Amino acid sequence: METKTKKFKRDILNWYNNNKRDYSWRETNDPWKILLLETISQQTQLDRADIYFKLFIEEFPNPATMASSSLKKVLILWSGLGYNNRAKRLYESSKILSKNGFDELYPNFEVLPGVGPYTNNAILSFAYGEKVITRDVNVDRVFSRYFGLNDVENFVHNNKKPLLNGVSSRDLNQAIMDFGSMICKTKNPLCSTCVLEKNCEKNIVKIKKTQETFSGSNRELRGALLKLLLNENVASLETIQKNLKTDKVKLLKAVGTLEKDGLITIKKNNLVEINS
Ligand code: SF4
C-alpha cells in the first residue's frame, strides 16, 4: 500500500510541475547566488526579492566583487528591503568567502554571519544536491497541516529518508515552499481546490499575530535614519531629529541599535556617520 509520505511527494511534485514559479535562480547551483537570494528573500515576497536579486547579481556576480566594494554601496543597493543588518552580514560573508570559498566551508556554512540552519540547508540542497529538507515557516506549516503534527522537527528528523528517497531534494523543497505560499497559505488556505486535500489531516491552527506594527516602530525609524545617512554620510543628532520629526528617546534607541549592528558610528559632537 502506498504510504502517506509517498502520496504527499507524488501529489505535491505533480502540482509543482504544473505550477512552479519561474525565476532566474531556480535552476542554479551557484552557492553565491543561493546565499544572495536566501538573504534577500527573508521576510520579502519572492517577486520583489527577484528584482533585488537581479540588481545584486549584476553588481556583485561573486563574493570577491562584493568584498572589494564598500558596505555603503551594498546598503544603497539594499535600500527598500529593510532589516539592514542582513545586508551587513551578507557583506561580512562576502569578505570571508573571498578568502575561503564555499567548497572549503562545506558543509558548515553556518560559520558565515547571518547563515542559520535554513540557509545552510538551502545551499546544501540547491548547490550541492544534498538530501536535506529546507525547513522554513512555509514548509513547517504544510507538514504540520498535512501530516497532523505538533512537532515538525522531530517528524523531519525521523522521516528524512522516506521523504527524500527517489526525488531531487531541490524539487521537493521548492515544491513545498511554493505550495505553502500559494495554496496552503497561513490565512485562508485553499483547501477546497487543493490537490492534497484527500489525504490531508487539515491540522489548521489559528496563528496569533505577534509581529510589531511597522508604522512608528524602531524598525521604521532605523530605516529612515539609514536612508538619510546614505545620502548625507554624516549628520548631527539634532539635524536627524529635525529631519525625521521624531522624539529624542526613540532616536537614541534607533541610533544605539544601528551602532550595535555596526552600520553607523557615533562620533564626537553628537555626529553620526554611516560606516563604509
Ligand atoms: S487541504 Fe488545506 S490544509 Fe491540507 S494541504 Fe491543502 S491547503 Fe493545506
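Let's start at asparagine 233. Asparagine 233 sits in the loop between helix H12 (218-232) and strand E1 (234-236). Keep in mind that this is a predicted model. What is the phi of asparagine 233 near? Phi is near 70°, a positive value in a residue other than glycine.

Next, tyrosine 83. This residue is not a glycine either, yet its phi is positive, about 45°. Tyrosine 83 belongs to the loop between helix H5 (71-78) and helix H6 (84-97). Its relative accessible area is 21%. The cut-off for buried is under 20%, so tyrosine 83 counts as partly exposed.

Now a peptide bond. Tyrosine 106 and proline 107 are joined by a cis peptide bond, with omega about 0°. Where is proline 107? Proline 107 is in the loop between helix H7 (102-105) and helix H8 (117-128).

Last, a helix pair. Two packed helices are described by the angle between their axes and the distance between the axes. Helix H2, residues 31-41, packs with H6 at an angle of about 165°. Their axes are 10 Å apart. That angle makes H2 roughly antiparallel to H6. The crossing of the two helices, H2 and H6, is right-handed.

Which residues meet there? From H2 come Trp32, Leu35, Leu36, Thr39 and Ile40. From H6 come Arg86, Leu90, Ser93, Ser94 and Leu97. By type, the residues of the contact of H2 with H6 are six nonpolar, three polar and one charged.

Methods
Residues are numbered from 1 along each chain as its sequence is written. This is a predicted model: local features need pLDDT of at least 70, side-chain atom pairs count only at pLDDT 80 or more; totals for chains, interfaces and linings use all residues. Side-chain values use heavy atoms; hydrogens and water are left out. Helices (H or I, at least four residues) and strands (E, at least two) are DSSP runs, numbered from the N terminus. Buried means under 20% relative accessible area, exposed over 50%, partly exposed in between (1.4 Å probe, protein chains only). Axes are lines fitted to C-alpha atoms, for helices over the stretch in contact, and angles run from 0 to 180 degrees between N-to-C directions. Angles under 35 degrees count as roughly parallel, over 145 as roughly antiparallel, 65 to 115 as roughly perpendicular and the rest as oblique. A crossing is left-handed if the near helix is turned anticlockwise from the far one by less than a right angle, and right-handed if clockwise. Contact means heavy atoms within 4.5 Å. Ala, Val, Leu, Ile, Met, Phe, Trp, Tyr, Cys and Pro count as nonpolar, Asp, Glu, Lys and Arg as charged, and the others, Gly among them, as polar.
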